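Please consult the sequence and the model shown below while reading.

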Amino acid sequence: MQDIKTLDNSKIIRSFLTIVFGTGLLAISSKIQTPFTLVPATMQTFVVLLLGMVLGYKLAAATVILYLIEGLIGLPVFAKGAGF
């Protein structure tokens, strides 16, 4: 019984670390500009699609939501400035 609890805890910790790593990847990709378009764009679109394919829709949605919360509290994760 204790092995099952340990397995659940390790899965939760691994999911949390994956989400935090994903938000870091999103923050870094928002600073990289693509020189190919007339409209200013960042690599963030590519990373969001990549997260959706690799993590699945639940973890990818949690990653983007945490990323938006980080921006709202004032961390400089967006391409042009921060939140409030």
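**Helix packing and surface of a predicted model**

In this predicted model, helix α2 (residues 44-55) packs against helix α3 (residues 57-72) at an angle of about 145°, and their axes lie 6 Å apart. The crossing of α2 and α3 is right-handed. On the α2 side the contact is made by Q44, L51, G52 and L55, and on the α3 side by Y57, L59, A60, T63 and Y67.

**Overall fold**
- The protein chain contains three helices and zero strands.
- Along the sequence, the elements of the protein chain follow the pattern α-α-α.
- Of the contacts in the protein chain between residues at least 6 apart in sequence, 41% join residues at least 24 apart.

**Burial and accessible area**
- The protein chain has 84 residues, of which 21% are buried.

**Nonpolar patch**
- I13, F16, L17 and V20 make a nonpolar surface patch of about 390 Å².
- One of these patch residues, L17, is placed in helix α1 (residues 2-30).
- Is L17 buried or exposed? L17 counts as exposed because its relative accessible area is 54%, and the cut-off for exposed is over 50%.

Technical notes. Residues numbered from 1 in each chain as written. Predicted model: local features only at pLDDT ≥ 70, side-chain atom pairs only at ≥ 80, totals over all residues. Heavy atoms only, no water. Helix = DSSP H or I, 4+ residues; strand = E, 2+ residues; numbered from the N terminus. Buried < 20%, exposed > 50% of the residue type's maximum accessible area, 1.4 Å probe, protein only. Contact = heavy atoms within 4.5 Å. Patch = residues over 30% accessible without salt bridge, like charges linked within 9 Å, V, L, I, M, F, W, Y side chains within 5 Å. Areas by Shrake-Rupley, 256 points an atom, 1.4 Å probe, with all protein chains shown as cover. Salt bridge = Lys/Arg side-chain N within 4 Å of Asp/Glu carboxyl O. Axes fitted to C-alpha atoms, helices over the stretch in contact; angles between N-to-C directions. Left-handed = near helix turned anticlockwise from the far one by under 90°.
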